[in-house]
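Trainee: I am new to this structure. Could you take me through one part of it up close, please?

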Amino acid sequence: MKKKLIVFNWKSNPQSAAAAIKLARAVEKVVPAKNAPEVVVAPPFTFLEDVEKIVKKAKLGAQDLSWEEGGAFTGEVSARELKNLSVRYVIAGHSERRKYLGETDEMINKKVLAALKAGLKVILCVGEDLSIRRRGKKAVEKFIKTQLEKDLKNIKNLKFKIGNLLIAYEPIWAIGTGHSDTPKDAVEIIKFIKRFLSVKCLYGGSVSGKNIKNFVEYKEIDGFLVGHASLKSKEVEKIVKISSR
Ligand code: PEP
């Protein structure tokens with residue numbers, strides 16, 4: 001089995017540096033297992049420096065970035081600033097940012113371009129909501145294709161390593177709900193994405209220590225983007241262990 005990539009997205013958690021350090025130690029402890037997958041920890045910006053001091057085998061990720069290179073953009077964090085903190089991976093276009101912060105495909109496109117330009121590995125999240133899923137596979141494919149076209153606009157004009165672009169297929173209705181997609185349906189969409197674009201594709205949406213075994217055997221799924229389960233060290237251990245087979 002090809003090495004999987006596991007990205008632990010802590011979202012806006014935990015609430016203290018001490019808790020972040022504890023969690024990062026728990027991740028680091030399970031990474032050296034034989035045939036371990038590549039593991040990325042994506043804490044909030046505030047804990048990047050703390051986590052960076054702990055993770056040696058795991059890699060550091062960020063949950064967002066600014067499309068600007070720096071300057072008068074209050075609250076924003078640039079790709080260069082992330083790189084200087086040893087961040088290797090960055091998530092762009094997470095559905096929670098699209099929904100709660102009004103991120104548009106145009107904004108996400110600028111973020112993807114900024115990340116690739118800076119040499120970061122970018123994980124672009126795409127996925128449909130329930131109303132689209134209910135309309136069937138063709139409707140989902142159409143929606144995903146449009147997202148990819150918009151979010152990756154002008155990418156051809158950029159010089160970057162194709163390995164630095166990853167897609168996370170995250171059906172919105174499966175995120176944080178405890179109801180993951182079926183592996184079969186997720187693989188169908190991932191295959192569709194891979195026909196469109198020859199890149200690594202992760203699945204995200206309520207992946208846990210309990211259900212990951214159903215996904216892990218599929219060679220089309222290159223890894224997982226894990227939210228809630230990444231906050232529990234027992235879950236982290238199971239997820240890494242099962243993906244290491
Ligand atoms: C995510 O944050 O991208 C995610 C998939 O969350 P969860 O695992 O909680 O569904």
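Mentor: Happy to! Let's start with Ser243, which lies in helix 10 (residues 233-243); helices here are DSSP runs of H or I with at least four residues, strands are runs of E with at least two, and both are numbered from the N terminus. This is a predicted model, where local features need pLDDT of at least 70, side-chain atom pairs count only at pLDDT 80 or more, and totals for chains, interfaces and linings use all residues. Residues are numbered from 1 along each chain as its sequence is written, and side-chain values use heavy atoms, leaving out hydrogens and water.

Ser243 counts as buried because its relative accessibility is 2%; buried means under 20% relative accessible area, exposed over 50%, and partly exposed in between, with a 1.4 Å probe and protein chains only. The Ser243 side chain also reaches the backbone oxygen of Ile239, at 2.5 Å.

Now for the sheet. Its 8 strands form a closed barrel in the order 1-2-3-4-5-6-7-8, with parallel pairing; two strands pair if DSSP finds at least two bridges between them. From one strand to the next, the twist averages 25°, with angles running from 0 to 180 degrees between N-to-C directions and axes being lines fitted to C-alpha atoms, for helices over the stretch in contact. As one example, strand 6 (residues 165-169) pairs with strand 7 (residues 200-204) in the parallel sense over 4 bridges. Tyr169 has Tyr203 of strand 7 as its bridge partner.

Back to our helix: helix 10 packs on the sheet, touching strand 1 (5-9), strand 2 (38-42) and strand 8 (223-226), where contact means heavy atoms within 4.5 Å. The direction of helix 10 makes about 165° with that of strand 1.

Conventions: Polar contact = N/O pair within 3.5 Å; in protein donor to acceptor, adjacent residues only side chain to side chain.
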